[in-house]
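Subject: Two-chain model, handover and notes

Hello,

Please find the sequence and structure below. My notes come after.

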Amino acid sequence: MAKKKTTKRKAATAESMAASQREISVSEFFAKNRHLLGFDNPRKALLTAVKEAVDNALDACEEGGILPDILVEIRALPESGDDRFLVVIQDNGPGIVRKQIENIFGKLLYGSKFHRLKMSRGQQGIGISAAGMYGLITTGKPVRIISKTSPKKPAHEVILKMDTSKNRADVVQDTEHPEDDGLFAEGHGTRVEIELVGKYFIGNRSVDEYVQLTAIANPHGRFEFLSPPTNAKPEGERIVYERSVGELPDLPEEIKPHPHGIELGTLIGMLERTSQNQLGGFFSHEFCRVGPKIAQDVTKQAGLTTRSWVKNISHAEAEKLYKGLTAAKVMGPPTNCLSPMGVRTMLKGLESGLNPDFIAASSRAASVYRGRPFVIEAGIAFGGNLPGDDQAKVYRFANRVPLQYQQSACSSFKAVIETAWKNYGLQQPRGGLPVGSLVVMIHMASVWVPFTSESKEAIADYDEIRKEMRLALQECGRKLGTYLRKRKRMQRQGQRRGVFTRYIGEISKACHEITGTDQQELYDVLLAQAESKTAEFDEVLDEEGKVVKDTDRLAKDDGVFIRQATAPQNDADYPDSPPSSNGSDLPPVDDFDAPTTNLFGEADEPKPKRKTKKKIAKKVKKKTKRSSTKASR
Amino acid sequence: MAKKRTTKKRTTSKGPGPAVRSTDKATLARIDKLADKVVRTSLAKKDPNLVIPSRSLSNTSYNKSKRILQMGSATSDRPLFDLKTARKFMQTVLLSSGVKDLVGAGKTLSLRGMYYMSLHTIQGTKEKTLNDQTESDAVLEDLEVMLGSLREELHVFAKKRGTMIGNITIIDNGDEINCRKMGTGGYAIPSICEDSVIQFKNCEADFVLHVEKDTVWQRFNEDRFWEKHNCILTEGSGQPPRGVRRMLRRLNEELGLPVYCLLDCDPWGHYIYSVIKQGSIALAYESQRMAIPDAKFMGIRAIDYERCGLSDDVQIALNDRDITRAKQIADYPWFANKKPWQLEIKKMLSNGFKMEVESLITKDISYVTEVYVPERLDAQDWLD
């Protein structure tokens with residue numbers, strides 16, 4: 001049989017083969033391999049579509065210097081089918097100029113972020129167009145974009161249909177929509193509507209969780225989420241995460257490649273493309289951290305000078321230059337290309353998102369992997385409303401974007417596991433996550449986050465990155481350990497006081513019966529003594545929920561938040577909070593006199609305040625002053 | 001010294017009324033002083049603390065010349081503001097107040113009664129001042145040493161234990177009791193045997209035979225041993241309580257009767273003898289008036305297994321606890337340099353078994369009363 005077939009087989013000629021060989025468009029490739037982009041199944045597709053759109057919206061707002069105000073709506077479309085949803089993402093960003101709309105939303109691998117070395121959420125320019133493509137493939141419906149760039153210009157509606165074979169979009173409809181101006185209260189913004197096949201879930205890895213995590217990592221944004229109806233909530237749900245930080249993160253600067261971060265091919269390509277004529281100019285213009293001295297050394301080693309013509313560099317010379325560059329001792333890349341969240345933002349985000357008893361946050365100094373700068377930040381939230389007796393939750397973020405899938409493949413997860421949490425008073429099964437009412441947050445900010453796949457789900461495991469993560473976690477862990485020990489100690493003191501006070505009554509009564517001493521007087525004296533013996537227990541009762549004693553390390557630590565006994569939070573808790581940090585509800589000062597509840601849930605009599613209200617107000621002022629000096633530092 | 005004290009007491013006992021009141025006054029004054037100190041330190045904003053003479057082996061020393069155990073000067077602190085001692089502190093003050101009421105009212109209570117007297121729930125809690133009687137018993141012993149008052153002086157007595165019969169007539173609280181006519185039950189030795197309560201009237205006995213427990217005592221009583229040998233027969237239900245020990249001491253001291261002990265051949269029997277002779281570690285402060293340095297240990301001896309030709313069946317194997325205890329006893333300073341005792345314990349250990357007094361019954365029901373004890377008495381064969 002087999003023999004027969006081979007004889008029958010018609011050999012293809014080079015020509016006949018050439019006839020069927022043609023270019024594959026990126027969009028075609030990704031349309032077939034959509035799992036690479038995070039559209040593996042309906043459930044994940046829904047999340048990915050939301051995520052890509054929100055990431056873009058946040059990036060746009062921040063670049064435009066606007067505090068983001070983002071609406072996420074998932075509308076069920078039961079008339080088209082149970083699995084049909086309309087995803088709407090609307091922002092108050094600067095809007096998109098008309099002629100760029102089809103490129104941004106219709107072309108894969110098109111964007112401003114791929115070529116530059118600057119921290120941003122999006123990287124490749126695939127996301128949102130892939131979401132549109134997925135919607136088109138699964139429902140045949142085009143993407144609808146409404147954008148308004150200025151209050152003076154009317155809103156513009158564009159309906160796009162992607163042509164996968166050509167990797168570009170066809171404009172189906174293009175109309176001005178002044179009637180949609182009402183959508184954009186601030187006079188600018190973008191609204192994207194994609195109809196797609198999806199599946200809506202709540203819980204882990206859901207859109208709900210995504211919005212919550214995004215709000216934690218971006219407390220400078222306001223997020224509104226309208227969920228589709230579910231069995232539990234047939235009317236759907238409106239969840240709003242209010243803005244808790246009133247200033248935008250620092251805008252990162254763009255940087256040039258670092259000599260340790262390039263490869264030979266890249267160097268040759270750079271040599272070919274540079275506008276510089278001489279090697280000296282090439283090095284100083286195309287790289288960061290390469291000064292004249294280093295340029296001289298490197299060129300000399302390659303048998304060239306800084307005045308050699310770039311055009312004449314041979315491959316062999318380029319290889320020598322590359323070797324010289326990688327061996328040269330240069331400073332690490334500048335870190336102004338990064339915009340880490342910062343300790344205060346993390347504290348705010350975790351506090352308003354989770355409402356725990358204790359938060360420790362740490363922001364490491366910038367470090368470098370493969371010539372790319374990165375910053376690792378970690379936060380730990382403990383107690384409060386967090387569920388206890390369960391494994392800790394790990395919230396992973398890359399450039400402020402939550403990562404929800406492939407947790408165990410992520411180097412941050414490994415860093416959490418290999419941290420010895422037992423040292424910090426937590427239980428941890430061998431090779432597992434710590435147990436307790438705990439949330440661990442890890443954020444990596446980098447100009448290029450090394451994801452394990454295009455769908456941006458897990459951070460690749462570089463030793464440098466993992467080490468920084470571990471150090472950040474340890475820093476937080478130590479603070480948590482201190483807090484837990486402190487709490488235990490206070491608990492013990494509380495018990496001690498209970499024991500003492502219980503017996504003091506009996507003792508003073510008996511002494512009164514024997515000697516005739518004034519029973520009440522003796523009782524009061526002994527009680528005062530008992531309280532001073534267990535004074536540590538009282539520390540929590542101070543106005544700020546912090547230990548005021550100067551010797552206490554935690555109290556002085558800016559990277560720590562301990563929930564105060566009084567119910568409402570305000571900016572006085574944050575030593576370096578700006579004066580007008582949020583327009584949201586600053587509680588009236590009177591609230592300080594509200595009855596307090598201490599950590600152990602025992603209601604306590606309102607303590608006589610040591611400071612008058614006036615003084616508290618003064619203190620807030622003083623603190624804000626300090627913050628401005630700190631910021632300038 | 002001891003002699004002096006008893007003579008003094010005897011003179012005071014002639015007029016019981018005012019004498020009792022004067023000791024009570026002293027007791028009350030001591031309680032006042034104790035509470036006053038607590039109050040004064042508290043009002044001075046210092047830590048209230050009770051200092052209690054330590055009742056441990058390390059604070060007990062053997063006085064070679066007096067041949068009794070004595071309490072050293074070591075004390076332990078009981079501060080109020082310490083989790084370990086706060087409750088005990090409270091109980092001590094509480095019981096002091098109870099004792100004051102008791103003494104003030106001129107009444108006596110049992111240990112159990114004291115427990116109930118101070119027992120109540122602490123206001124605002126579910127905690128009781130005392131969990132069980134052992135707590136109040138321990139605190140009362142503390143009070144005795146703290147105040148330097150005897151339990152009798154605190155008007156507290158223990159459940160009576162121990163029996164007596166023999167050629168003696170005593171006056172117990174004014175009632176004349178002829179111990180020769182006590183039937184099969186015998187005279188129950190009261191908890192308080194001070195001369196203010198009990199006086200000796202007419203004694204013809206030549207010695208006192210103290211046996212370990214009631215069963216053996218019954219044997220002797222039935223055989224009318226005390227009549228034949230003209231003695232007093234006592235029993236202490238194991239470790240003799242204070243009443244029995246005080247009675248033996250008074251019989252020995254005031255009437256000059258030698259005391260012989262017939263106890264089991266095991267570490268516990270040895271320790272009972274040690275307590276009768278030198279005093280106990282826990283009550284070392286009472287040795288002065290309880291110990292009988294001249295008491296003799298008549299048996300059962302380790303050699304009796306061979307000497308009396310007992311059968312294998314009477315052997316009770318020594319367990320680990322027995323062996324440790326035996327070695328402990330051998331190391332006590334008051335046994336350490338007595339060669340016969342060292343040999344005795346060694347012999348018991350090498351035997352590997354202990355024997356009860358009842359084991360002699362295997363020879364004959366009345367072997368112990370008719371042969372064993374008379375033989376020992378004749379031969380003056382005992383350990384000192």
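Predicted model: local features only at pLDDT ≥ 70, side-chain atom pairs only at ≥ 80, totals over all residues.

Residues are numbered from 1 along each chain as its sequence is written, while chains are lettered from A and ligands numbered from 1 in the order in which they are written.

Sheet in chain A

Helices (H or I, at least four residues) and strands (E, at least two) are DSSP runs, numbered from the N terminus. Chain A has an open sheet of 8 strands with mixed pairing, in the order β5-β4-β3-β6-β2-β1-β7-β8; two strands pair if DSSP finds at least two bridges between them. At the edges stand β5 (168–176) and β8 (237–241) of chain A, each with a single partner strand, so one side of each has no neighbour in the sheet. Neighbouring strands are turned against each other by 15 degrees on average, direction ignored. Axes here are lines fitted to C-alpha atoms, for helices over the stretch in contact, and angles run from 0 to 180 degrees between N-to-C directions.

Strands β1 (residues 69–76) and β2 (residues 84–91) of chain A pair in the antiparallel sense over 6 bridges. A:E73 stands opposite A:V88 in β2(A). Helix α4(A) packs on the sheet, touching β1, β2 and β6 (189–197) of chain A, and its direction makes about 10 degrees with that of β2(A). Helix α5 (residues 98–106) of chain A also packs on the sheet. This helix touches β3 (143–148), β4 (156–163) and β5 of chain A, at about 35 degrees to the direction of β4(A). Contact means that the C-beta atoms of two residues, placed from the backbone, lie within 7 Å.

Cores

A nonpolar core is a set of buried Ala, Val, Leu, Ile, Met, Phe, Trp, Tyr and Cys residues joined through C-beta atoms within 7 Å. A residue is buried if 20 or more other C-beta atoms lie within 10 Å of its own, exposed if 12 or fewer, and partly exposed in between, with C-beta atoms placed from the backbone. The largest nonpolar core has 128 residues, of which A:A49, A:V50, A:I359 and A:V440 touch the most other members. Helix α4 (residues 42–63) of chain A gives the most to this core, 11 residues. A second, separate core of 63 residues includes B:C179, B:L209, B:L248 and B:V314.

Chain B

Chain B has 15 helices and 17 strands, and 40% of its 384 residues are buried. In α5(B), the buried residues include B:V139, B:L140 and B:L143. Just after α5(B), B:G148 takes a positive phi of about 70 degrees.

A:D208

A:D208 lies in helix α7 (residues 207–217) of chain A. A:D208 is buried, because 20 other C-beta atoms lie within 10 Å. Leaving aside neighbours within four places in sequence, A:D208 is in contact with A:I202, A:F225 and A:S227.

Between the chains

20 residues of chain A are in contact with 26 residues of chain B. On the side of chain A that touches chain B, α14 (463–515) and α15 (519–533) of chain A are the elements that give two or more residues. The most come from α14(A), with 13 residues.

Regards
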